[in-house]
Amino acid sequence: MNSHWTSQRFPAGGGAAAEGISQQLGRPRLDPLIILAREAAQNSWDARLEDRDGPVQFRIHMRKLGSLGMSWRRVLLPGPRLDPSSGIAPLEDSLSDDSYVLVISDRNTRGLGGPIRADIRVPPGSIADFVQFLRNVGEPSDHEHGGGTYGYGKGILYGVSRSHSILVDSFTVDGLGVPRRLMGSAIGHSFYDDQTRFTGRHWWGVDDGEVVNPLSGREADLVAQSLGLPGFRVGEHGTDIAIIGFDLGSTGTEGDEVPRTPAQAAEFLASAILWHLWP
C-alpha cells in the first residue's frame with residue numbers, strides 16, 4: 001500500500017491557511033458534542049436518497065482503539081506535521097491503545113460522490129459531495145433545501161479530534177468510476193519547511209504527483225476492515241466518518257471543569273440526539 005500523508009503547499013497566487021478554516025465555527029456557547037450531533041445529522045439528512053425505500057440510518061459509535069491500535073498506527077503513521085504548542089496533538093498521540101475513535105455513519109444516503117478532483121467540472125446529474133466535503137472550503141452548497149449553505153459546520157468534526165484528524169470511508173451512488181473512497185484529512189496550522197510555506201492542511205491517500213486521491217475498490221475495503229470500520233454490504237451506500245483521538249470533552253462550570261468519562265460522553269451524545277434530532 002503506497003498511501004501516506006501529504007501536506008498542501010501554498011499556491012503561488014495565495015490560498016486559505018488552516019487557521020482560518022479551523023476557526024470558522026467561532027466560539028459557540030453550545031457544547032461541541034451538541035454541535036457535532038446536529039451538524040453530522042444534517043449532513044446525513046442532506047445526503048438522503050429520496051427515491052429509495054426506508055429512512056436514513058444515522059449512527060454514532062464510540063470505542064477505545066484497544067487491540068486495533070496497532071493497525072491504525074501501521075496504516076496512518078508517520079502522521080502529518082501538527083503543532084503541539086497550538087493545542088493540536090501529534091497523530092501518534094491519538095493512536096495509542098487507550099485513544100478513542102468516534103465513528104459517525106449513515107446509510108440509505110448517496111455517499112460522497114461526484115469527481116474526486118476539485119478542478120473538474122461536475123457532470124449533469126451529479127453532485128460534488130466529495131470535493132465539497134474533503135477539499136473545498138467556503139463553496140456554496142448545491143443541495144436544494146440543504147442545511148449549512150457553506151459547509152462550515154464540518155469544522156466541528158476536526159475540532160473534537162485531539163489531532164484535528166478524520167478518516168472518511170464512503171460508498172457512493174454516483175462514484176464516477178470510483179464508488180468506494182477512503183481518505184484521511186487533517187487541519188493544523190500553516191508552517192514553513194525551509195523556504196516553502198504550507199497551508200497546514202493535510203490529506204492521507206495516494207499521491208499521484210498532483211493531488212492526493214482516495215484509496216478505492218478492494219484496497220479501500222481491506223484497509224477499512226483492518227481498522228474495524230463498519231464497511232458496506234452489497235447494495236449499501238453511505239458514509240463513515242472516523243474522528244481520530246476523539247475528545248470526550250468536560251463537564252462542570254467554567255473554571256471548574258473535569259474531563260468526561262467515556263460513559264458520560266456517550267450519555268451526553270445520546271441526550272443531544274434526543275433533544276435536537278427528535279423531529
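Which elements do the buried residues of H6 pack against? The points below start there. The model is predicted.

1. **Helix H6.** The buried residues of H6 pack against helix H3 (69–76), E4, strand E5 (180–187), strand E7 (196–207) and strand E9 (215–216). H6 itself covers residues 217–226. Its buried residues include Ala-220, Asp-221, Val-223 and Ala-224. Spacing along a helix matters here. An α-helix has 3.6 residues a turn, so residues three or four places apart point the same way. After H6 comes Gly-228, with a positive phi near 75°.

2. Arg-180 lies in strand E5 and Asp-221 in helix H6, so the pair ties together parts 41 residues apart in sequence. Both Arg-180 and Asp-221 are buried.

3. **Strand E10.** E10 spans residues 238–244, and seven of the seven are buried, so the strand is largely enclosed by the rest of the structure. The burial holds on both faces. One side has Gly-238, Asp-240, Ala-242 and Ile-244. The other has Thr-239, Ile-241 and Ile-243.

4. **Partners of E10.** Strand E3 (residues 100–107) pairs with E10 in the antiparallel sense, over seven bridges. Arg-107 has Gly-238 as its bridge partner in E10. Strand E4 (residues 165–171) is joined to E10 by six bridges, and these two strands also run antiparallel. Here Ser-170 has Thr-239 as its bridge partner.

5. **Arg-107.** This residue is found in strand E3. Is Arg-107 buried or exposed? Arg-107 is buried, at 8% relative accessible area. Its side chain reaches the backbone oxygen of Gly-231 at 2.8 Å. Beyond four places in sequence, Arg-107 touches residues including Pro-55, Val-56, Gln-57, Pro-230, Phe-232 and His-237. Gly-238, Thr-239 and Asp-240 are also among its contacts. Salt bridges with shared partners join Arg-107, Arg-233, Glu-236 and Asp-240 into one network.

6. **Nonpolar cores.** How many residues does the largest nonpolar core have? The count is 31. The residues with the most contacts inside this core are Leu-36, Phe-133, Leu-157, Ile-166, Ile-243 and Phe-246. Helix H2 (32–46), E3, H4, H5, E4, E5, E10 and helix H7 (262–277) each supply at least two of its residues. As background, nonpolar side chains in soluble globular proteins tend to be buried together.

7. **Ile-243.** Setting aside neighbours within four places in sequence, Ile-243 is in contact with residues including Leu-36, Leu-157 and Ile-166. Tyr-100, Val-101, Leu-102 and Ile-104 are also on its contact list.

8. **Arg-135.** This is the residue I would check by eye. Arg-135 lies in the loop between H4 and H5. Arg-135 is buried yet has no salt bridge. The nearest side chain of opposite charge is Asp-119, 7.6 Å away. The side chain of Arg-135 does reach the backbone oxygen of Ile-116, at 2.6 Å. Its contacts beyond four places in sequence include Arg-117, Phe-130, Met-183, Arg-201, Trp-203 and Asn-213.

9. **Other salt bridges.** The structure holds 12 salt bridges. One joins Arg-117 to Glu-210, with the closest N and O atoms 3.3 Å apart. Arg-117 is in the loop between E3 and H4, while Glu-210 is in the loop between E7 and strand E8 (212–213), 93 residues apart. Glu-210 counts as exposed, at 65% relative accessibility. Another joins Arg-162 to Asp-247, with the closest N and O atoms 3.4 Å apart. That pair links the loop between H5 and E4 to the loop between E10 and strand E11 (250–251), across 85 residues. Arg-162 counts as partly exposed at 44%, and Asp-247 counts as partly exposed at 26%.

10. **Gly-153.** Gly-153 lies in the loop between helix H4 (129–134) and helix H5 (155–159). Gly-153 is buried, at 12% relative accessible area. Ala-40 is 113 residues away in sequence, yet the two C-alpha atoms are 8.4 Å apart.

Methods: Residues are numbered from 1 along each chain as its sequence is written. This is a predicted model: local features need pLDDT of at least 70, side-chain atom pairs count only at pLDDT 80 or more; totals for chains, interfaces and linings use all residues. Side-chain values use heavy atoms; hydrogens and water are left out. Buried means under 20% relative accessible area, exposed over 50%, partly exposed in between (1.4 Å probe, protein chains only). Helices (H or I, at least four residues) and strands (E, at least two) are DSSP runs, numbered from the N terminus. Two strands pair if DSSP finds at least two bridges between them. A polar contact is a pair of N or O atoms within 3.5 Å; within protein, one must be able to donate a hydrogen and the other to accept it, and residues adjacent in sequence count only if both atoms are side-chain atoms. Contact means heavy atoms within 4.5 Å. A nonpolar core is a set of buried Ala, Val, Leu, Ile, Met, Phe, Trp, Tyr and Cys residues joined through side-chain atoms within 4.5 Å. Lys and Arg count as positive and Asp and Glu as negative; His and the chain ends are not counted. A salt bridge is a side-chain nitrogen of Lys or Arg within 4 Å of a carboxyl oxygen of Asp or Glu.
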